[in-house]
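Here's a quick tour of the aromatic residues and the packing around them. Have a look at the model before reading on.

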Amino acid sequence: MKLTARPAMIGALLFGSVVSLGISTQVQAHGIWFAQRARQLALIYGIGADDLDMVKRLPLLNSMTGYDDNWKPVPTRLRVAGVVPVVDSDAPTAALGATMDYGVWAKRSNGEWVNKGRDEVSDAVVAEHTMKSAVFLAKMPKTPVPLLAGHLLQIIPQGEIPQELGKPVSLKVYFQGKPFAGAQVLTDFVNDPDMPPLMTGPDGVAVFRLRNQGLNVIAATIIAKTDQPKKYDYIEYRATLSFILPHAEE
């Protein structure tokens with residue numbers, strides 16, 4: 001199987017004013033994902049090794065849901081445990097999902113980002129509205145991963161996920177319920193966030209080799225046209241899919 005980056009096929013929805021502003025389409029922005037902390041599952045905000053303050057960002061969450069083996073919701077909540085929010089659930093969970101509207105941000109001419117729109121920042125060089133989401137597979141699902149409510153952008157495995165480092169995996173990126181061509185995919189968002197992204201093909205699929213015999217965090221990003229041009233220039237959607245490959249027995 002040949003594993004290569006697919007050519008981008010960007011639809012009319014994407015980029016628009018972003019290209020005219022000269023902004024790079026290789027977006028390097030923060031995301032959310034689930035990871036283990038002291039044998040508990042925590043919701044993380046950051047990029048690469050920058051594990052930032054998720055606790056203060058909890059009010060920005062739109063949803064956080066647990067699922068059982070059959071993708072039925074399990075009562076689940078986040079509990080602040082020191083510097084991170086950890087997951088509590090009323091029953092075992094096979095998967096978790098979270099969505100966040102991170103709001104509108106403008107970058108000033110001095111490089112500072114402020115939580116305001118272009119219409120409120122006189123020297124704004126760019127302004128964006130960012131939406132983030134995350135799916136975590138606590139174990140390999142018995143049934144295919146479905147499209148989850150509220151997840152406008154989602155990464156879905158095509159078939160079973162191999163359990164060994166270096167094996168090829170096929171993922172499909174969906175936007176608003178449809179396969180999306182030209183999404184940027186980072187295959188190791190935590191350990192290599194500056195890597196050149198893969199681009200999903202016409203069918204929304206990217207194929208690559210698994211990077212880690214442990215936590216894998218895969219990110220997908222698309223840039224959509226603004227719906228409020230006076231406030232922001234584009235909408236950035238970033239989704240992550242995370243799962244853990246088992247290590248050898250001690």
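Lys132 puts its charged end over the ring of Tyr102, 5.2 Å from the ring centre. This is a predicted model, by the way. Tyr102 has a relative accessibility of 10%, so this residue counts as buried, the cut-off being under 20%. Together with Tyr45 and Trp105, Tyr102 forms one aromatic cluster.

The structure holds seven aromatic pairs. Here are two of them:

| Pair | Centre to centre | Angle between planes | Geometry |
|---|---|---|---|
| Tyr102 and Trp105 | 5.4 Å | 15° | stacked |
| Phe175 and Tyr237 | 4.9 Å | 65° | edge-to-face |

What does the pair of Phe175 and Tyr237 tie together? Phe175 sits in strand β12 and Tyr237 in strand β18, so their pairing links parts that are 62 residues apart in sequence. Both Phe175 and Tyr237 are buried.

Now for the cores. The largest nonpolar core has 41 residues, and Tyr237 is one of those with the most contacts inside it, along with Leu137, Val185 and Phe243. Strands supplying at least two residues each to this core include β8 (95-108), β10 (124-137), β12 (168-175) and β18 (234-244). Leaving out residues up to four places away in sequence, Tyr237 touches Phe175 as well as others, among them Met131, Leu152, Leu153 and Ile222. A second, separate core of 15 residues includes Tyr102, plus Leu43, Leu96 and Met100.

Last, a hairpin. Strands β6 (residues 76-81) and β7 (residues 84-89) pair in the antiparallel sense over six bridges, with Thr76 opposite Ser89 in β7. Two residues lie between β6 and β7, and Gly82 in the turn has a positive phi of about 75°.

How values were computed. Residues are numbered from 1 along each chain as its sequence is written. This is a predicted model: local features need pLDDT of at least 70, side-chain atom pairs count only at pLDDT 80 or more; totals for chains, interfaces and linings use all residues. Side-chain values use heavy atoms; hydrogens and water are left out. A nonpolar core is a set of buried Ala, Val, Leu, Ile, Met, Phe, Trp, Tyr and Cys residues joined through side-chain atoms within 4.5 Å. Buried means under 20% relative accessible area, exposed over 50%, partly exposed in between (1.4 Å probe, protein chains only). Helices (H or I, at least four residues) and strands (E, at least two) are DSSP runs, numbered from the N terminus. Contact means heavy atoms within 4.5 Å. Two strands pair if DSSP finds at least two bridges between them. Rings of Phe, Tyr and Trp (its six-membered ring) pair if their centres lie within 6.5 Å; planes under 30 degrees apart count as stacked, over 60 as edge-to-face and the rest as tilted. A charge sits over a ring if NZ of Lys or CZ of Arg is within 6 Å of the ring centre and within 35 degrees of the ring normal.
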